[in-house]
Amino acid sequence: MYLIIECKESKGHWHHNVEKVKRRLRKFNDTFNNGRSEITDAMSIGQQATHMHHIFPRNEFPVIADYVENLIALTSGQHLQKAHPAGNTQVIDKDYQYTCLLNKTESIRRNLLENFGEPLYDFFLFMFVLDTGLSTDYFEALQENDFVQVAAGIEINFPNK
């Protein structure tokens, strides 16, 4: 079970926090991943990851909008053609969201277990992001750094998979 402390922050302060965590991920990605996308596909070849994308949309999940564990570094093409078809940021491609979750899981695993880059992520905050975004309590019961079960849990709990 998670303890949620709700703060009555102004919208401006919340937006500032979201932008701050996006800048933090971008700096980390530029420094330790040479600015590449966290997803390798045809749209990432030769392109820099300039878009920090919310895996679970911030308007639907404001409580996790400022968690770095809910952001993934993508190229502009990946973001505006795959994550949001035809550049419509009000629409989410669920298949690509699933791809984002699996790739984010690998990025976090590498950071925590292979010391890839400076420490950026927190396993239990990622579990909170997954439980919140997938509307489950599956992930809160996992042992720390059990990424095999994280991937299995995404498969089990992701809608329409």
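Reader: Where is Asp41 found?

Author: In this predicted model, Asp41 is located in the loop between helix 1 and strand 1 (51–54).

Reader: Is Asp41 buried or exposed?

Author: Asp41 counts as buried, because its relative accessibility is 15% and the cut-off for buried is under 20%.

Reader: Which residues is Asp41 in contact with, leaving aside its neighbours within four places in sequence?

Author: Asp41 is then in contact with Gln78, Lys82 and Tyr96.

Reader: And how many residues apart in sequence are Asp41 and Gln78?

Author: Asp41 and Gln78 are separated by 37 residues in sequence, while their C-alpha atoms are 8.8 Å apart in space.

Reader: Changing topic, how many aromatic pairs does the structure hold?

Author: There are eight aromatic pairs in the structure. One of them joins Phe28 and Tyr121, with ring centres 6.3 Å apart and planes at 70 degrees, so this pair is edge-to-face.

Reader: Which parts does that pair of Phe28 and Tyr121 tie together?

Author: Phe28 belongs to helix 1 (residues 11–32) and Tyr121 to the loop between helix 3 and helix 4, so the pair links parts that are 93 residues apart in sequence. Phe28 is buried at 6% relative accessibility, and Tyr121 is buried with a relative accessible area of 8%.

Reader: What about the rings of Phe123 and Phe147?

Author: Their planes are at 85 degrees and their centres 5.3 Å apart, so Phe123 and Phe147 also form an edge-to-face pair. Phe123 lies in helix 4 and Phe147 in helix 5 (residues 147–157), so the pair ties together parts 24 residues apart in sequence. Phe123 counts as buried at 3% relative accessibility, as does Phe147 at 7%.

Reader: Which residues do ring pairs link into a cluster?

Author: The cluster consists of Phe28, Phe32 and Tyr121.

Reader: What sits over the ring of Phe116?

Author: The charged end of Arg110 does, 3.8 Å from the centre of the Phe116 ring.

Reader: On to the helices: at what angle do the axes of helix 3 and helix 4 cross?

Author: The axes of helix 3 (residues 94–113) and helix 4 (residues 123–133) cross at roughly 170 degrees and come within 11 Å. The two helices are therefore roughly antiparallel to each other.

Reader: Which residues in helix 3 and helix 4 meet?

Author: From helix 3, Leu101, Lys104, Thr105, Ile108 and Leu112 meet Phe123, Phe126 and Leu130 of helix 4. The residues of this contact comprise six nonpolar, one polar and one charged.

Note on methods
Residues are numbered from 1 along each chain as its sequence is written. This is a predicted model: local features need pLDDT of at least 70, side-chain atom pairs count only at pLDDT 80 or more; totals for chains, interfaces and linings use all residues. Side-chain values use heavy atoms; hydrogens and water are left out. Axes are lines fitted to C-alpha atoms, for helices over the stretch in contact, and angles run from 0 to 180 degrees between N-to-C directions. Helices (H or I, at least four residues) and strands (E, at least two) are DSSP runs, numbered from the N terminus. Angles under 35 degrees count as roughly parallel, over 145 as roughly antiparallel, 65 to 115 as roughly perpendicular and the rest as oblique. Contact means heavy atoms within 4.5 Å. Ala, Val, Leu, Ile, Met, Phe, Trp, Tyr, Cys and Pro count as nonpolar, Asp, Glu, Lys and Arg as charged, and the others, Gly among them, as polar. Rings of Phe, Tyr and Trp (its six-membered ring) pair if their centres lie within 6.5 Å; planes under 30 degrees apart count as stacked, over 60 as edge-to-face and the rest as tilted. Buried means under 20% relative accessible area, exposed over 50%, partly exposed in between (1.4 Å probe, protein chains only). A charge sits over a ring if NZ of Lys or CZ of Arg is within 6 Å of the ring centre and within 35 degrees of the ring normal.
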